[in-house]
Amino acid sequence: ELHLYYDKDGKSDLGSTDFLVMGAMAKMMSSSTVYPMQLVRARLFQTEKSIVANTNGGIGTGNVVIQNKYYGIGDCVRRIWIREGVNGFY
């Protein structure tokens with residue numbers, strides 16, 4: 001189909017505005033597909049801190065336990081979908 005935009009000398013009939021519009025459309029499409037994946041990746045790195053009570057009866061506030069907020073990619077996607085819907089990915 002590209003041959004429709006070129007003449008016999010190999011010169012393009014497309015102007016700079018055409019290339020600008022095509023580039024903008026390509027960027028929008030790529031961003032809308034890649035951003036949800038980047039969001040899931042960022043959320044997988046989130047951790048939760050919880051304080052576990054000291055069971056020894058000693059003085060102190062307890063131990064700080066750091067654990068992952070999500071158990072994997074599927075769990076992360078499922079929780080975002082349930083809690084926030086499609087808008088949660090954008």
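Visitor: Does Asp 75 count as buried or exposed?

Guide: This is a predicted model, where local features need pLDDT of at least 70, side-chain atom pairs count only at pLDDT 80 or more, and totals for chains, interfaces and linings use all residues. Residues are numbered from 1 along each chain as its sequence is written, and side-chain values use heavy atoms, without hydrogens and water. Buried means under 20% relative accessible area, exposed over 50%, and partly exposed in between (1.4 Å probe, protein chains only). Asp 75 counts as buried, at 12% relative accessibility.

Visitor: Which residues of H2 are buried, and where do they lie?

Guide: Helices are DSSP runs (H or I, at least four residues), numbered from the N terminus. In H2 the buried residues are Asp 75, Cys 76, Arg 79 and Ile 80. Seen down the axis of H2, they fall within an arc of 130 degrees (taken from the directions from the helix axis to the C-beta atoms), so they line one face. On the other side of H2, Ile 73, Gly 74, Trp 81 and Ile 82 are exposed.

Visitor: Which salt bridges does Asp 75 form?

Guide: A salt bridge is a side-chain nitrogen of Lys or Arg within 4 Å of a carboxyl oxygen of Asp or Glu. Asp 75 pairs with Arg 78 at 2.9 Å, N to O. With Arg 79, the closest N and O atoms are 3.2 Å apart. Shared partners join Asp 75, Arg 78 and Arg 79 into one network.

Definitions and conventions: Helix = DSSP H or I, 4+ residues; strand = E, 2+ residues; numbered from the N terminus.
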